[in-house]
Amino acid sequence: MFLIIAVLVGMLDYTFDENYMFIKYPPEVGIAEWVYNNLGIGVYSAIWVLVCLGGSMLVYIPIEIYKKKLKL
């Protein structure tokens, strides 16, 4: 689901020349800018996807723990 939304947002970013969710380029401060400038768009995009997927997965950790406790 996340990747579908990211692709749609990326298409809108390029169509309307926007930068929602920082898909085209990073914010102007922070480590994301350093990664983009020194390692390139490919590495920046890969890290962006991994961080977002990891954040999405963190939401489900408490749910899975609760499910396991109910089964015990």
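Biologist: In which helix does Tyr36 lie?

Modeller: Tyr36 lies in helix H2, where helices are DSSP runs of H or I with at least four residues, numbered from the N terminus. The model is predicted, so local features need pLDDT of at least 70 and side-chain atom pairs need 80 or more, while totals for chains, interfaces and linings use all residues. Residues are numbered from 1 along each chain as its sequence is written, and side-chain values use heavy atoms, leaving out hydrogens and water.

Let us begin with Tyr36 itself. Its relative accessible area is 28%, and Tyr36 is therefore partly exposed (buried means under 20%, exposed over 50%, and partly exposed in between, with a 1.4 Å probe and protein chains only). Which residues does Tyr36 touch, when those up to four places away in sequence are not counted? They are Lys24, Tyr25, Pro26, Ile41 and Tyr44, contact being heavy atoms within 4.5 Å. Gly10, by comparison, is 26 residues from Tyr36 in sequence, and the C-alpha atoms of the two are 17 Å apart in space.

Tyr36 also belongs to the packing of its helix. Helix H2 covers residues 31-39, and its axis comes within 7 Å of the axis of H3, the two crossing at roughly 145° (axes are lines fitted to C-alpha atoms over the stretch in contact, and angles run from 0 to 180 degrees between N-to-C directions). On the side of H2, the residues that meet H3 are Ala32, Val35, Tyr36 and Leu39. Their partners in H3 are Ile41, Val43, Tyr44 and Ile47.

Helix H3, which runs over residues 41-71, also packs with H1, residues 2-16. In this pair the angle is about 135° and the axes lie 11 Å apart. H1 contributes Phe2, Leu3 and Ala6 to the meeting, and H3 contributes Trp48, Val49, Cys52, Leu53 and Ser56.

The loop between H1 and H2 deserves attention next. Asn19 lies there, and Asn19 is buried, because its relative accessible area is 16%. Beyond its neighbours within four places in sequence, Asn19 is in contact with Asp13, Lys24 and Tyr25. Lys24 and Tyr25 are also among the residues touched by Tyr36. Met1 stands 18 residues from Asn19 along the chain, and their C-alpha atoms are separated by 20 Å.

Asp17 is found in the loop between H1 and H2 as well. Asp17 has a relative accessible area of 58%, so it is exposed. The phi angle of Asp17 is near 55°, a positive value in a residue other than glycine. Most residues other than glycine have a negative phi.

Finally, consider Leu70, whose place is in helix H3. With 59% relative accessibility, Leu70 counts as exposed. Ile31 is 39 residues away from Leu70 in sequence, and the C-alpha atoms of these two residues are 41 Å apart in space.

To return to the request, Tyr36 is a partly exposed residue of helix H2, and it is one of the residues through which H2 meets H3.
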